[in-house]
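User: I would like to go through this structure with you. Could we begin with how some of the helices pack?
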Amino acid sequence: MTSLHETLALRLADAAELVEYGWQERNEWNVRFTILGTIAIISFVSWLFGPKSIKAPYAGYRSAWEPTFLLRLRFISGARPIIMDGYNKFKNGMFKLRRMDSDVLIISNKYVDELRQLPETIISPIYAHIKNVMGKYTTADLMLEGNLHTRVLQAKLTPNLVQYMDIVQQEMDFAFEVEMPQSDDWTEVQIGDIILRIIARISARTFVGHPLCRNEEWLHASIHYTENLFMTAFALRMTPTFVHPFLVWLLPSWYRVHQNLKTAKKLIVPLVKEHAANIAAGNPKGDDTVLKWMMGMAENENEANPNKLAHRQLLLSLASIHTTGMATTHTLYDLAAHPEYITEMREEVESVLIEDGGMTKQTLSKFRKLESLMKESQRLNPPSYLAFNRTAMKPITLSDGVQIPKGTHFAVASGPILLDAENNPEPEKFDPLRFYRKRQNPGEANKHLLPMTDKNHLHFGHGKYACPGRFFAVLEMKMILARILLDYEFKYPEGHGRPRNLTMDENVLPDPAARLLVRNRQGKNHNVPTKYVYA
Ligand code: HEM
């Protein structure tokens with residue numbers, strides 16, 4: 001059966017042919033009527049057979065005359081004001097965004113609690129994520145084959161996190177030694193890249209274990225898979241669906257995604273076989289890793305297939321390395337822009353470590369000011385201005401009677417919610433102790449933590465499908481930031497301040513080209529115990 005897009009492509013080809021013929025015959029009016037007729041037919045067919053969409057106002061038009069194509073184009077690098085505009089006008093209702101690849105419905109967060117526990121047969125995060133990253137072409141559609149990686153994070157990594165701190169710290173020590181300059185003189189560095197490599201190393205140690213975590217080929221694949229995947233996805237999002245199967249062949253990033261996958265299989269399949277042989281011989285060796293847990297928890301042959309396990313390691317890298325790297329980089333950029341808070345953060349880290357006699361199971365949870373700083377930095381520099389991306393797998397009727405048609409891609413304006421004065425007073429102000437102070441309120445000591453999600457705090461999602469790696473992410477971030485505070489001084493080069501964030505559609509990125517000056521901390525207190533102690 002010919003798909004709608006193929007039919008449209010054929011119609012356009014016919015129209016082009018007729019244009020040529022018409023010019024040859026100098027029968028311009030015929031040609032014009034043919035083109036107009038074709039456009040009218042295409043519009044009618046799209047309207048008749050295309051997915052039904054909900055009626056809601058569009059955000060961001062500069063005037064009634066602004067062409068829709070221009071609005072879609074502006075969204076690529078100017079999404080923030082468009083999303084803010086929609087939120088400010090319609091925050092209790094709904095509005096739509098014109099993205100280059102499609103429209104996205106933005107719903108009020110008042111619906112989040114009734115939607116968050118619905119099963120995947122009704123609302124699917126996976127379909128929405130796969131659409132966002134063009135999974136059909138970027139290999140991310142493995143997510144459709146099961147959620148083994150999510151189950152393992154929930155059932156194994158998160159509950160065993162504190163036991164794992166020792167291993168994380170060992171890898172972090174090594175990573176700092178090889179990635180950070182060790183000099184008493186100021187050295188200019190691209191800190192975002194350094195942080196990314198430190199996180200890739202720690203993640204690799206946790207996911208695939210030693211010695212693969214030190215393998216440069218694996219580190220390269222696990223970091224660059226994400227970049228290549230997003231480059232491919234964005235190129236495809238800019239063009240109509242019917243050109244995608246041809247366009248990918250012209251995209252170098254698409255070839256690189258597949259090269260990364262090949263590398264993953266080459267390096268990980270032997271590891272899987274080795275571990276299976278050790279288990280069969282009754283002699284499992286080495287530390288637990290996410291890969292070994294995945295082998296143990298695989299529920300069917302497909303999940304246990306070594307090639308699929310290797311592929312899933314890349315999906316984990318996609319979900320974990322850049323997200324955590326960007327959040328850590330934003331926090332450092334913010335702190336460097338407000339050096340008056342550095343001493344306060346450093347003193348907290350030192351006093352907690354001295355009190356605990358080193359890094360214990362409880363230590364990280366006592367870094368309350370540091371956690372508040374990280375949460376404030378995420379509030380102002382979220383990973384995306386949208387969250388809770390979902391696809392309606394069936395028509396949904398909300399509690400107030402609003403109906404979301406099947407096939408609708410919807411999300412919540414997570415960025416603007418936290419910049420709303422109703423939720424946070426003086427929302428534009430960088431106030432690193434904002435959440436620390438909130439925790440001083442009676443009964444709120446254990447609230448306002450970074451990994452906690454609710455309908456206002458959606459940067460890790462919320463509900464059944466919230467990020468299963470967020471506790472690990474926060475652990476990594478705290479350990480890295482504490483280490484930087486203890487051992488290094490940092491500042492912007494003369495004449496530079498906090499770099500502006502970049503946006504690609506709704507996604508927010510710290511400027512990767514920005515530089516910091518770093519040097520060994522002068523007058524470091526060598527009596528602060530930093531090693532993991534079993535307490
Ligand atoms: C600051 C760092 C991170 C941020 C901001 C973040 C954010 C998110 C968000 C927004 C989602 C989608 C949730 C939803 O749809 O409701 C998600 C899903 C996910 N995250 Fe994270 N994440 C981070 C770090 C990590 C880490 C370190 C890991 C792994 C250890 C991880 C693993 C995952 C996985 C496996 C999913 C689910 C993907 C799927 O549905 O298959 N994330 N994350």
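User: In which hand does α9 cross α10?
Analyst: Helix α9 passes α10 in a right-handed crossing. Please note that this is a predicted model. Helix α9 covers residues 191-207 and helix α10 covers residues 216-237.

User: And at what angle do α9 and α10 pack?
Analyst: The angle between α9 and α10 is about 110°, and their axes are 10 Å apart. Angles of 65 to 115 degrees count as roughly perpendicular, and α9 and α10 are therefore roughly perpendicular to each other.

User: Which residues of α9 and α10 meet there?
Analyst: From α9, the residues are L196, A200, R201 and A204, and they meet W218, L219, S222 and I223 of α10. Sorted by class, this contact of α9 with α10 has 6 nonpolar, 1 polar and 1 charged residues.

User: What lies in the loop between α9 and α10?
Analyst: P211 has its place in that loop. The peptide bond from H210 to P211 is cis, and its omega is near 10°. For context, most peptide bonds are trans.

User: What about α9 and α15, are they perpendicular or oblique?
Analyst: Helices α9 and α15 pack at an angle of about 140°, with axes 9 Å apart. They are therefore oblique to each other. Helix α9 passes α15 in a right-handed crossing. The residues contributed by α9 are I191, G192, I195, L196, I199, A200, S203 and F207, while those of α15 include Q313, L316, S320, T324 and L332. By class, the contact of α9 with α15 divides into 9 nonpolar, 10 polar and no charged residues.

User: Let us change topic. How many residues surround the ligand?
Analyst: There are 28 residues around the ligand, and the closest are S320, T323, G461, C467 and G469.

User: Which element gives the largest share of that shell?
Analyst: Helix α15 does, with 6 residues. At least two residues of the shell are supplied by each of α5 (125-132), α7 (148-157), α15 (306-337), β5 (387-392) and α20 (470-487).

User: How does the shell divide by class?
Analyst: The shell around the ligand has 17 nonpolar, 10 polar and 1 charged residues.

User: Finally, what scores does the model have?
Analyst: The model scores ipTM 0.99 and pTM 0.90. The protein chain has an average pLDDT of 91, and 90% of the residues score at least 70.

User: Where does pLDDT stay under 50?
Analyst: One such stretch is residues 1-26, for which the model has 26 contacts beyond four places in sequence. Another is residues 42-50, for which the model has 6 contacts of that kind.

User: How should low pLDDT be treated?
Analyst: Where pLDDT is low, the predicted coordinates should not be read in detail.

Notes:
Residues numbered from 1 in each chain as written. Predicted model: local features only at pLDDT ≥ 70, side-chain atom pairs only at ≥ 80, totals over all residues. Near = placed C-beta within 6 Å. Helix = DSSP H or I, 4+ residues; strand = E, 2+ residues; numbered from the N terminus. Nonpolar A, V, L, I, M, F, W, Y, C, P; charged D, E, K, R; others polar. pLDDT = per-residue confidence, 0-100. Contact = placed C-beta atoms within 7 Å. Axes fitted to C-alpha atoms, helices over the stretch in contact; angles between N-to-C directions. Parallel < 35°, antiparallel > 145°, perpendicular 65-115°, else oblique. Left-handed = near helix turned anticlockwise from the far one by under 90°.
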